[in-house]
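Let's take a friendly walk through this model, one chain at a time, and then look at how the chains meet.

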Amino acid sequence: MTMDEQPLIDVRVQAEPFDVAAEAKRLSAGSDVGAVVTFTGICRSDGGRLNGLELEHYPGMAENEITRVAEEAARRWPISGAIAIHRYGTIAAGEDIVLVVTASAHRGAAFAAAEFLMDWLKTRAPFWKREIFADGTAGPWVEAKAADDDAAGRWNLDKAAE
Amino acid sequence: MKLLYFAWIRERVGQAEEDIDPPAAVRTVGDLVAWLRGRGEEFEYAFGNETVVRAAIDRTHVQLDTPIEGAREIAFFPPMTGG
């Protein structure tokens, strides 16, 4: 692609699993793509304590917020594309929860844009996780971590996103 | 206007959504939270700690001092834990 082309931005919120390799391949197409970064967030069992997680979301707003952050990433770094997929519903330990793929001519922009997208998605996208214990009963809602706010805060997005 | 509740706020309130018609004196999101808290124990339980509650008007994040005039849909939810 040339620098004049708009980056490909694709945001999806879905219950179904996603195919990491297929999504990465979509962004690696083109003769000027030199770097593709993928980040996959996976549901942990926490040492066998959990069966998985139940993810609630705010339909419509979830897509809007992730798209807004992806567009901001494309303004900040010269990326040729960004894909973000976030699942909702019941997710078993070992299954994928979230995928971010970014592509650029050089690795720096792709790494930075992917990290920015994940940091901001965690604090702005309306999703809430609840634990499901190993015996299948519903556990507590997961509490937000101050560390996530700190990670997002270092990008200084608050003013940019208003 | 329509109110939406998510996660543990939804569970404490005991419903996912409702239509409301607050009095004219309720001008901001913070006013609305205060008014909701006066509606019963379940709302006091859900909104008792207003520093924790997050809000969105028509699917955009807002602060407690944001005016609610013209809002079609106001959502209340705990801090987000996606990703």
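What share of the 162 residues of chain A counts as buried? In this predicted model, 38% of them do.

## Chain A: overall build

Chain A contains five helices and eight strands. Starting at the N terminus, its elements follow the order β-α-β-β-α-β-β-β-α-β-β-α-α.

How does the radius of gyration of chain A sit against that of a compact globule? A compact globule with 162 residues would come out near 15 Å, and chain A has 16 Å, which agrees. Along the principal axes, the C-alpha atoms of chain A fill a box of roughly 55 × 35 × 30 Å. As for contacts with a separation of 6 or more, 79% of those in chain A are between residues 24 or more positions apart.

## A sheet in chain A

One open sheet of chain A is made of four strands with antiparallel pairing, in the order E5-E3-E7-E8. Its edges are strand E5 (89–92) and strand E8 (138–141) of chain A; each has a single partner strand, so one side of each is left without a neighbour in the sheet. From one strand to the next, the twist averages 30°.

Strand E7 (residues 127–133) of chain A and E8(A) run antiparallel and are joined by two bridges. Arg130(A) has Trp141(A) in E8(A) as its bridge partner.

## The largest nonpolar core

Which residues touch the most other members of the largest nonpolar core? Among its 58 residues, they are Ala70(A), Ala73(A), Ala82(A), Ala84(A), Ala113(A) and Leu117(A). Helix H3 (residues 107–124) of chain A gives this core its largest share, eight residues.

Leaving aside residues up to four places away in sequence, Leu117(A) touches Val69(A), Ala70(A), Ala73(A), Ala82(A), Ala84(A) and Val100(A).

## Chain B: overall build

Chain B has three helices and five strands, and along the sequence they follow the pattern β-α-β-α-α-β-β-β. The radius of gyration of chain B is 12 Å, close to the 12 Å that the globule rule gives for 83 residues, so chain B is as compact as a globular protein of that length.

Taken along the principal axes, the box filled by the C-alpha atoms of chain B is roughly 35 × 30 × 20 Å. Of the 83 residues of chain B, 23% count as buried. Among its contacts between residues at least 6 apart in sequence, 54% link residues at least 24 apart.

## The sheet in chain B

In chain B, five strands form an open sheet with mixed pairing, ordered E2-E1-E5-E3-E4. Why is one side of strand E2 (17–19) and of strand E4 (60–62) of chain B left without a neighbour in the sheet? Both stand at the edges, each with a single partner strand. The twist in this sheet averages 25° from one strand to the next.

Within E2(B), Glu17(B) stands opposite Leu4(B).

## Where the chains meet

How many residues of chain B are in contact with chain A? There are 14, and they meet 21 residues of chain A. On the chain B side, helix H1 (7–13) and strand E5 (73–77) of chain B each supply at least two residues. By class, the side of chain B that touches chain A has nine nonpolar, four polar and one charged residues.

Definitions and conventions. Residues are numbered from 1 along each chain as its sequence is written. Chains are lettered from A and ligands numbered from 1 in the order in which they are written. This is a predicted model: local features need pLDDT of at least 70, side-chain atom pairs count only at pLDDT 80 or more; totals for chains, interfaces and linings use all residues. The radius of gyration is taken over C-alpha atoms; the globule rule is 2.2 Å times the number of residues to the power 0.38. A residue is buried if 20 or more other C-beta atoms lie within 10 Å of its own, exposed if 12 or fewer, and partly exposed in between; C-beta atoms are placed from the backbone. Two residues are in contact if their C-beta atoms, placed from the backbone, lie within 7 Å. Ala, Val, Leu, Ile, Met, Phe, Trp, Tyr, Cys and Pro count as nonpolar, Asp, Glu, Lys and Arg as charged, and the others, Gly among them, as polar. A nonpolar core is a set of buried Ala, Val, Leu, Ile, Met, Phe, Trp, Tyr and Cys residues joined through C-beta atoms within 7 Å. Two strands pair if DSSP finds at least two bridges between them. Axes are lines fitted to C-alpha atoms, for helices over the stretch in contact, and angles run from 0 to 180 degrees between N-to-C directions.
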